[in-house]
Structure formats: C-alpha cells, structure tokens
Amino acid sequence: MAELQVGDRVLELDEDGFLEDASQWDEEVAAALAETEEVELTEAHWAVINYLRTYYADFGVAPMVRKMLKDTGLSNGEMYELFPSGPGKGACKIAGLLKPTGCV
C-alpha cells in the first residue's frame, strides 16, 4: 500500500493513489495529492473540488461526468485541462473522495 507524507502525517493510499480514509482530507492533503497528479491548484481547480465535495456529502457518491460538466459549466476539454488524468481519477482523487466505481 502506498503512503503520502503531508506535514507530520502519513496517509494511506490505495493502489491508484486515492485516500484510504476520506476523513483525513483537508486543503493541505489536496495540495499534496495535486502534486502527485502534477497539477498546480488554481481557483478553477478549487471550484471543481468544492463542487465534488459538496455533491459527495449530499449524495454519498461522486457525480457522473456529464452531471459534473453541466453543474460546473465546464466543457470536457476544460475539465481535462484542469485535471489531465480526468474528472474521475484526477479531480476526485484531489478532492479526497473514494475512488469512483468504474473509474481508473
């Protein structure tokens, strides 16, 4: 199992780099996960991350990509510019969600 060092914490990751314990997520963890995806977080990234976290808190699952694009107003291309490994893998990972079913 992989680990991620964030400050003085060592967090467990699954084989795809997602947090094993989503409750350990915070903005510092998001920044560390973004580094593993080679993403430099901007306001646009945080808008998607906050959307994902709110949706997950409300429904207990990550949104389908089509719903995410509609709700955020981003095109598929814009989403991939922000998260090169994709909305399921990259965005959900950085947002600290558990790995979406059927993703990766």
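I take buried to mean under 20% relative accessible area, exposed over 50%, and partly exposed in between (1.4 Å probe, protein chains only). The model is predicted, so I recall that local features need pLDDT of at least 70 and side-chain atom pairs count only at pLDDT 80 or more, while totals for chains, interfaces and linings use all residues. Residues are numbered from 1 along each chain as its sequence is written, and side-chain values use heavy atoms, with hydrogens and water left out.

**Entry 1: salt bridges**

I looked for salt bridges, each a side-chain nitrogen of Lys or Arg within 4 Å of a carboxyl oxygen of Asp or Glu. The count came to six. Arg9 pairs with Glu28, the closest N and O atoms being 3.4 Å apart. Arg9 belongs to strand β2 and Glu28 to helix α1, so this pair ties together parts that are 19 residues apart in sequence. Here helices (H or I, at least four residues) and strands (E, at least two) are DSSP runs, numbered from the N terminus. Arg9 is partly exposed at 25% relative accessibility, and Glu28 is partly exposed at 45%. I also noted that Arg9, Asp26 and Glu28 are linked in a network of salt bridges.

Next I examined the salt bridge between Glu15 and Lys99 (3.3 Å, N to O). Glu15 lies in the loop between β2 and α1, and Lys99 in the segment after α5, so the pair ties together parts that are 84 residues apart in sequence. Glu15 counts as exposed at 68%, whereas Lys99 is partly exposed at 30%.

**Entry 2: aromatic residues**

I searched the whole structure for aromatic pairs and found two. Rings of Phe, Tyr and Trp (its six-membered ring) pair if their centres lie within 6.5 Å; planes under 30 degrees apart count as stacked, over 60 as edge-to-face and the rest as tilted. Tyr51 and Tyr55 form a tilted pair, 6.0 Å centre to centre with 45° between the planes. Both lie in helix α2 (residues 43-59), four residues apart, about one turn of the helix. Tyr55 and Phe59 form a tilted pair at 4.6 Å, with 40° between the planes. Tyr51, Tyr55 and Phe59 form one aromatic cluster. Tyr51 is buried at 16% and Tyr55 is buried at 15%, but Phe59 is exposed at 54%.

**Entry 3: Lys93**

Is Lys93 buried or exposed? I found Lys93 buried, with a relative accessible area of 5%; the residue lies in helix α5. Its charged end sits over the ring of Phe18, 5.7 Å from the centre. For that, NZ of Lys or CZ of Arg must be within 6 Å of the ring centre and within 35 degrees of the ring normal. The side chain of Lys93 also makes a polar contact with the side chain of Glu37 (2.7 Å). A polar contact is a pair of N or O atoms within 3.5 Å; within protein, one must be able to donate a hydrogen and the other to accept it, and residues adjacent in sequence count only if both atoms are side-chain atoms. The backbone oxygen of Asp16 lies 2.9 Å from a polar atom of the Lys93 side chain.
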